[in-house]
Amino acid sequence: MNILLELFVVTFRVLWAFVLAAAKWLVRPKEKSVAGQVCLITGAGSGLGRLFALEFARRRALLVLWDINSQSNEETAGMVRHIYREMAEAAATPRAGDGEKDALPHCDLQVYTYTCDVGKRENVYSTAERVRKEVGEVSLLVNNAGVVSGHHLLECPDELIERTMMVNCHAHFWTTKAFLPKMLEMNHGHIVTVASSLGLFSTAGVEDYCASKFGAVGFHESLSHELKAAEKDGIKTTLVCPYLVDTGMFRGCRIRKEIEPFLPPLKPEYCVKQAMRAILTDQPMICTPRLMYMVTFMKSILPFEAVVCMYRFLGADKCMYPFIAQRKQATNNNEAKNGI
């Protein structure tokens with residue numbers, strides 16, 4: 001009898017979850033404040049990582065930027081400092097009609113940069129220790145760093161496969177293990193996993209990248225369940241799975257030309273703004289564009305041969321081949337230039 005009662009309660013909660021999800025589509029939830037909180041972003045030197053840094057800076061977060069390229073990382077830090085200066089000048093110049101409710105909380109805004117190879121476990125742990133000593137405890141962790149080899153499986157050197165797995169997947173373990181203990185102690189924090197639509201469904205030619213992103217998605221989902229099981233509801237998680245983003249990482253990737261106008265590569269700014277809305281409203285997962293939810297659902301219920309037919313119709317079965325060919329050509333040109 002008890003199990004029947006529990007089944008009734010579970011059914012009600014599942015239906016209520018659908019109601020709440022629908023309500024969020026109709027009424028936009030209020031965004032939380034991250035002012036003064038320490039936000040660490042990996043891969044902050046370029047692409048989505050740089051845009052995430054600028055968005056969090058505009059919301060007055062204290063930024064910690066990690067990247068393997070110190071020069072590009074410092075360029076991002078310069079942009080962040082410029083935003084901080086503009087906000088400080090605006091705050092120092094009162095405008096007529098400004099009410100007290102419009103005033104932002106005062107905090108000492110700074111940005112810290114660290115050169116870190118997140119694919120190396122000891123480098124992550126040692127840099128994390130420096131952050132704790134020099135900055136403080138991290139409240140927002142954005143695991144964004146990513147690489148792609150751009151080779152067919154049998155042509156891809158083993159070290160590049162290992163590198164892709166280390167940076168795109170294993171690094172999430174190291175950074176989370178470094179900063180999660182304090183979040184658990186405080187029951188406060190937010191962990192963001194920037195994965196990919198290729199972590200939900202795959203395509204040909206990028207086996208190592210798909211495997212790494214599937215691993216990142218699996219890690220994130222299991223971590224989310226662990227936090228729920230531990231009843232640490234103060235620690236939020238957000239999984240970000242965008243479609244192809246026009247950052248140059250997959251330059252040359254093409255789907256069927258008749259379909260491409262309806263599903264073009266995402267603008268990086270749009271992708272990050274959508275992700276920020278999800279993070280600041282504690283949304284567990286965000287796929288952009290929303291069509292990706294439908295693709296993932298259909299992949300889960302359709303027979304494999306039906307999925308293959310759809311891929312071929314969309315031109316998604318070999319969409320990475322032009323990208324791989326460009327990478328191969330670029331590699332050959334570099335080797336010829338260097339006399340290899």
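Helices here are DSSP runs of H or I with at least four residues, and strands are E runs of at least two, both numbered from the N terminus. Residues are numbered from 1 along each chain as its sequence is written, and side-chain values use heavy atoms, leaving out hydrogens and water.

Let's stay with Val19 for a moment. Its relative accessibility is 42%, so Val19 counts as partly exposed (between buried, under 20% relative accessible area, and exposed, over 50%, with a 1.4 Å probe and protein chains only).

Now turn to helix H2, residues 47-58: its 12 residues reach 17 Å from first C-alpha to last, close to the 16 Å expected at 1.5 Å a residue (that is, 1.5 Å times one less than the number of residues). H2 is largely enclosed by the rest of the structure, because 10 of its 12 residues are buried. Among them are Leu51, Phe52 and Phe56. The cover over these buried residues includes strands E1 (38-42) and E2 (62-67) as well as helices H3 (70-92) and H7 (268-280), where contact means heavy atoms within 4.5 Å. After H2 comes Arg60, with a positive phi near 65°.

How far can you trust the coordinates? The chain averages a pLDDT of 89, and 92% of the residues score at least 70; pLDDT is the predictor's confidence in each residue, from 0 to 100. Over residues 99-104 the pLDDT is below 50, and this stretch has 1 contact in the model beyond near neighbours in sequence. Where pLDDT is low, predicted coordinates should not be read in detail.

Terms used: This is a predicted model: local features need pLDDT of at least 70, side-chain atom pairs count only at pLDDT 80 or more; totals for chains, interfaces and linings use all residues.
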